[in-house]
Amino acid sequence: VQLQASGGGLVQTGGSLRLSCAASGRSFSSYAMGWFRQAPGKEREFVAGISWNIDTTYYADSVKGRFTISRDNAKNTVYLQMNSLKPEDTAVYYCAADYHTAGPHNGYDYWGQGTLVTVSS
């Protein structure tokens, strides 16, 4: 599975962005998907995850109520809708695929390149 993230950019505090992650290769709908982020000087952290059948989602406490993960298996794409953005959301965002679980773990099987999100104050 190859993953291509897009949709990052510069936004003001309180603004919104939607990230997309397009997958190529077979069996996208069999994979749990996740979004991670890495801010400058910090370790990569889990942001959100969604199960292969869309019945379970996971969120980091820091983004609950502001971010929404979704997927369209017909389009082989997973999304991250980010609302009420804060300067501390500034990071490179990565999408990832895992054959087993969408939870907050670092054992995802495939990773995409990152897309930069910058939130200005």
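Author: Gladly! Strand β4 (residues 32-38) and β9 pair in the antiparallel sense, over seven bridges. Please keep in mind that this is a predicted model, where local features need pLDDT of at least 70 and side-chain atom pairs count only at pLDDT 80 or more, while totals for chains, interfaces and linings use all residues. Residues are numbered from 1 along each chain as its sequence is written, and side-chain values use heavy atoms, with hydrogens and water left out.

Reader: What makes β4 and β9 a pair?

Author: Two strands pair if DSSP finds at least two bridges between them, strands being DSSP runs of E with at least two residues, numbered from the N terminus. β4 and β9 have seven bridges, so they pair by this rule. In one of them, alanine 32 has aspartate 98 of β9 as its partner.

Reader: Which strand pairs with β9 over two bridges?

Author: That is β10 (residues 110-111), in the antiparallel sense. Its tyrosine 110 stands opposite alanine 97. β9 is also joined to β11 (residues 115-120), again antiparallel, by three bridges, and there valine 92 faces leucine 116.

Reader: How do you know that cysteine 21 and cysteine 95 form a disulfide?

Author: A disulfide is a pair of cysteine sulfur atoms within 2.5 Å. The sulfur atoms of cysteine 21 and cysteine 95 are 2.1 Å apart, so the pair qualifies. The two cysteines are 74 residues apart, cysteine 21 in β3 (residues 17-24) and cysteine 95 in β9 (residues 91-98).

Reader: Why is cysteine 95 called buried?

Author: Buried means under 20% relative accessible area, exposed means over 50%, and partly exposed lies in between (1.4 Å probe, protein chains only). Cysteine 95 has 0% relative accessibility, so it counts as buried. Cysteine 21 is buried too, because its relative accessible area is 0%. In β9, six of the eight residues are buried.

Reader: What makes a group of residues a nonpolar core?

Author: The group must be a set of buried Ala, Val, Leu, Ile, Met, Phe, Trp, Tyr and Cys residues joined through side-chain atoms within 4.5 Å. The largest one here has 30 residues, and Met33, Trp35, Leu80, Met82 and Tyr93 touch the most other members. Among the elements that give two or more residues to this core are β3, β4, β9 and β11. A second, separate core of six residues includes Ala32, Phe36, Ala96 and Tyr108.

Note on methods:
Helix = DSSP H or I, 4+ residues; strand = E, 2+ residues; numbered from the N terminus.
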